[in-house]
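Please read these notes with the model open beside you. Take the points in order and find each residue as you go.

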Amino acid sequence: MVIITEKEALTKPINFILKKTRNPCDAKAASNAHPGSPSSGEGKEAAIDVEIQDGGMNRLEAAGGSEPERGTWGSNLDFAMSCIAYAVGLGNVWRFPYLCFKNGGGAFLIPYFIAMLTCGIPLFLLEVSVGQYLGVGGMSVVGQLCPIFKGVGYAALMMVFLENVYYIVIVAWTLFYILNTMYSLGSGLPWSSCGKGNGSWAQDNCFNPEGDVPYNQSEPFLLHGYSEKDTQTPVEAYWNNYVLQISGGIDEVGSIRWELAGYLLLAWLGAYLVVWKGLHGSGKILWFSAMFPYAILTILAIKALTLEGAVDGINYLFTPDWNRLTMSECWIDGGTQIFYSYGVGIGALLALGSYNKFNHNCYRDTFVVCSINTFTSFYAAVIIFSILGFMAHEKGVEIADVVKSGPGLAFLVFPEVVLQLTPSAFWSLLFFMMLLALGFDSQFCILESLIVGLVDNWPDYLRPRRLKFTTVMVLFMFVLGLPMITNGGVYVFQLMDFYAASGMSLLWATFFQTFAICYCFGAKKLYTCIEHMTGQKISWYFYLCWMVISPAFMMFIFIFYFAKYTPIKYANTYEYPKWGEVLGFIISSSSMIWVPGYAVYYLWITPGTWNERLRKGITPVIKPRSDAISAIHHGKLFPDDDDAEVELKLVSSEEDKSNNAV
């Protein structure tokens, strides 16, 4: 449901590679201008030839009864750079370190690595290879592989909608730092000392451990009696008291932060203009997007690793607190972060694989992309924990107590390290521009995914009104995001981050998608397809994961989460009220309900006996790409006659429909 038509570039690689491609709705308009075209939904097809040769991507679509040829990567280098661009995102630089610190450092890594080996890498290969074999992408694929589970696509679409609402708040925070850094050029960064915030954000407990005054001679100690553990650094005070102006809890909503509201509106305007013009980029943008974050992170890493106390921070990152493993939140955070980071379960990988050539080595690419993705997460985490070690050393406290863990960890740590660089304002702007690029890139993708998914579900009404519909949706999501920029907004933000597009809901959708592909389409069939497409044997470990290990691990996390349920906390100190927890479960249920809800709806409206309805609901109704059809005809795929017969029936049924339409 997220990525339906082959015109829509919804994953980062495709965004950058489809240079100067027409707006997706322009293509739809062209189809509407030719009522016989495949996109128009009419039976008879007219001849429409469209050739796009931009950014390393060649696409040729031919009609007149022949199957459209799907676009493919122009070269291995283009695909390699796309993998790097795909790997680098806020999920790696912002979310992974925050969850790691929240769950006690090394303890988080245990469920993370287990999930990576049992689910992340195997399911990445599963989705990419399905897209490559069928030549189509998007969550609608699940409904075609197993019609009764079409609700998985709707669940993914709902998660994308909720992710749109809260994800862009990070972009608003980033814009706040960029513009406030620019305002203060020439006078030092606004969070460089407590003196910058006297009378505003610097409260009685603000203490700069890097200043010239020892703590036992400082105002927080002499005048107010604070222990050093209870003080706030200027960076932390600036974030909590000026950027967020945070309240005491979610039940203290307070007023809207109008400055943040302006930045939120600016962020939505930027996203809207890009989606309105259509997602496109050039080869230069591809290279820049892939390498710029690594360049900035490397500069920060060189400085962070040389700070005093950095080794202690890295030790904390890799030393597990075994008691944390008894908490369900650690397992669901670590287990589902791999899905969130790899893009499993929301249709992006199906689309990515569908643009591969039929004989592309997706088996090799799985290890390349997953390795780069995980490396990026750890690269960012090592930098952040090195800085945390430095902050703890300067403050004289344990690393776990140096800052209050929360979704703003990156905004507490990276501003600290840029103070150690000269000129600090220059490096601050570079870092936050990098964060802005990552945030906008992700936001463009998920916004386009949402709009395309909705438009393609109701094409007759929404396609001619796509621009107006996009405008209405952007304004609607902007309004929904306003509660997250109030004084109590960060508490709402954490609820959204935990319950909306990760955790239970993502686990739920991924489980049923895996079931639909492996038990309805057939894991053994797919295993054979991969060997034929890549020309090499793949490990039976993947087949075992698809059929048993991955579903079992997902079920384990889901059951363990409820069996050992612990309420969500903000900064490991603030406990949400009961109604806040209920609100979180309602947010998760808003996407999860689509899977069983659609299954009941399907069984209700489908004619026939209950056995006939069920059999029809688990029978694939999708046609493979032309290369796969040719391989089936020549007996290269599915030596088992039963499998070949099923596949060829799908092909024959499509041909019959076409002939009848003519």
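The points below cover the model itself, then helices, rings, cysteines and one glycine.

1. **Ground rules.** This is a predicted model, in which local features need pLDDT of at least 70, side-chain atom pairs count only at pLDDT 80 or more, and totals for chains, interfaces and linings use all residues. Residues are numbered from 1 along each chain as its sequence is written, and side-chain values use heavy atoms, with hydrogens and water left out.

2. **Helix 15.** Start with helix 15, residues 362-395. Helices here are DSSP runs (H or I, at least four residues), numbered from the N terminus. Helix 15 has 34 residues and spans 49 Å from its first C-alpha to its last. That is close to the 50 Å expected at 1.5 Å a residue; the expected span is 1.5 Å times one less than the number of residues. Is helix 15 largely enclosed or open? Of its 34 residues, 26 are buried, so helix 15 is largely enclosed by the rest of the structure. Buried means under 20% relative accessible area, exposed means over 50%, and partly exposed lies in between (1.4 Å probe, protein chains only). Just after this helix, Gly 396 has a positive phi of about 75 degrees.

3. UniProt, in an unreviewed entry, lists residues for "binding site", including Asn 92, Asn 373 and Ser 442. UniProt positions follow the numbering used here, feature names are shortened, and annotations may be inferred rather than shown by experiment. Ser 442 lies in helix 17, residues 424-457. Its relative accessibility is 8%, so Ser 442 counts as buried.

4. **Aromatic pairs.** How many aromatic pairs does a search of the whole structure find? The search finds 72. Rings of Phe, Tyr and Trp (its six-membered ring) pair if their centres lie within 6.5 Å; planes under 30 degrees apart are stacked, over 60 edge-to-face, and the rest tilted. Take Tyr 238 and Tyr 242: their ring centres are 5.2 Å apart and their planes meet at 45 degrees, so this pair is tilted. Both lie in helix 9 (residues 234-243), four residues apart, about one turn of the helix. An α-helix has 3.6 residues a turn, so residues three or four places apart point the same way. Tyr 238 is buried, at 1% relative accessibility. Tyr 242 is partly exposed, at 26%.

5. **Charges over rings.** Arg 95 lies over the face of Tyr 340, 4.2 Å from the ring centre. The charged end of Arg 465 sits over the ring of Tyr 461, at 4.2 Å from its centre. The test is NZ of Lys or CZ of Arg within 6 Å of the ring centre and within 35 degrees of the ring normal.

6. **Cysteines.** The structure holds one disulfide, meaning a pair of cysteine sulfur atoms within 2.5 Å. The bond joins Cys 194 to Cys 206, with S to S at 2.1 Å. Both cysteines lie in the loop between helix 7 (151-183) and helix 8 (219-222), so the pair ties together parts that are 12 residues apart in sequence. Cys 194 is buried at 14%, and Cys 206 is buried at 9%.

7. **Gly 347.** Gly 347 sits in the loop between helix 13 (328-342) and helix 14 (348-354). Gly 347 is buried, with a relative accessible area of 0%.

Methods
Helix = DSSP H or I, 4+ residues; strand = E, 2+ residues; numbered from the N terminus.
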